Amino acid sequence: MSVHISAKKGEIAKTVLMPGDPLRAKYIADNFLTDVTLVSQTRNIFYYTGKYKGKEITVGASGMGFPSIGIYSYELFTEYEVDTIIRIGTCGAYSTDLKLFDILNVEKAASESTYAKFAWGIEEDIISNQGTAFDKINETAKELGLDAKATNIHSSDIFYRKDPAVPEIAVRYNCPAVEMEAFALFANAQHLGKNAATILTVSDIIPTHEFISAGQREQALRTMMELSLETALKF
Ligand code: HPA
């Protein structure tokens, strides 16, 4: 047990797939894993451990934002000896250069957040994916015939804002999309010497207000789920 996860030691696999939404974790467990056990449901943040093609994998939610993914990823890395976390999330596109359903493999996450500085003394405002997961995702995408675009993204603390202009940090670091978690995940992994990657599906185009409907979401996210599961086999 850790402060926010009630699984016993040994009940969490070395590789964790991490959607934001607990119900998405349940969907993956129900549709892709066998021999599944619900190992934690503290705060309804579900963690399931099961097998994918014979390999033990845990899938569990991060919740939204840096504080939430910061807590779960830290406890998984430090109290459950997790080696690799692959976040699988959605993002908004800042321009129509990206299309709905595009899949991104995050190279670096840029943020105005002070999370990394005050947690670990990391002064940089852009942090790379950590370890080997990013390369394994690229390799797996190729094998599956998927286009997973390697790109920088903006990790923001803010979903709603007054100014519709693309934030300065996103322009500076050439970030075509925004989400709210990768920067803190990468910061924790950098500090602890662990593997961390983030795969994103474009769920909304911010300037045109297009978005993936609830009905389209399931199939759209299945592609990303399969990419992460197949990548997990390589650890
Ligand atoms: N902003 C931040 N995070 C997001 C968005 C967005 O527009 N879409 C999906 N995650």
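A residue is called buried when its relative accessible area is under 20%, exposed when this is over 50%, and partly exposed in between, as judged with a 1.4 Å probe and protein chains only. Helices (H or I, at least four residues) and strands (E, at least two) are DSSP runs, numbered from the N terminus. The structure is a predicted model, in which local features need pLDDT of at least 70 and side-chain atom pairs count only at pLDDT 80 or more, while totals for chains, interfaces and linings use all residues. Residues are numbered from 1 along each chain as its sequence is written, and side-chain values use heavy atoms, with hydrogens and water left out.

The protein chain as a whole may be considered first. The protein chain contains seven helices and 11 strands. Its C-alpha atoms fill a box of roughly 45 × 40 × 30 Å along the principal axes. The radius of gyration, taken over C-alpha atoms, can be set against a globule rule of 2.2 Å times the number of residues to the power 0.38. For 235 residues a compact globule would have a value near 18 Å, and the 16 Å of the protein chain agrees with this. Of these 235 residues, 54% count as buried. Contact means heavy atoms within 4.5 Å. Among the contacts with a separation of 6 or more, 76% are between residues 24 or more positions apart.

Helix α6, residues 182-192, has eight of its 11 residues buried, so it is largely enclosed by the rest of the structure. The buried residues of α6 are Ala182, Phe183, Ala184, Leu185, Phe186, Ala187, Asn188 and Ala189. Just after α6, Gly193 takes a positive phi of about 70°. In helix α1, residues 22-32, the buried residues are Pro22, Arg24, Ala25, Tyr27, Ile28, Ala29 and Phe32. The cover over them includes the strands β2 (34-40), β3 (47-52), β4 (55-60) and β5 (84-93), together with helix α7 (214-232). A polar contact is a pair of N or O atoms within 3.5 Å; within protein, one must be able to donate a hydrogen and the other to accept it, and residues adjacent in sequence count only if both atoms are side-chain atoms. Asp21 caps the N-terminal end of α1, with a side-chain oxygen 2.8 Å from the backbone nitrogen of Leu23.

Thr198 lies in strand β10, residues 195-205, and is buried, with a relative accessible area of 0%. Beyond its neighbours within four places in sequence, Thr198 is in contact with Arg87, Leu104, Asn105, Val106, Glu179, Ala182, Leu185 and Phe186. Ala182, Leu185 and Phe186 in this list are among the buried residues of α6.

Gly65 is found in the loop between β4 and α2 (66-79), and its relative accessibility of 11% makes it buried. With neighbours within four places in sequence left aside, Gly65 is in contact with Met180 and Glu181. Gly65 and Phe183 are 118 residues apart along the chain, yet their C-alpha atoms are separated by 9.7 Å.

Ser113 occupies the loop between β6 (103-110) and α3 (115-120). Ser113 counts as buried, at 15% relative accessibility. A polar atom of the Ser113 side chain lies 2.9 Å from the backbone nitrogen of Tyr115. Apart from its neighbours within four places in sequence, Ser113 is in contact with Phe66, Asp157 and Phe183.
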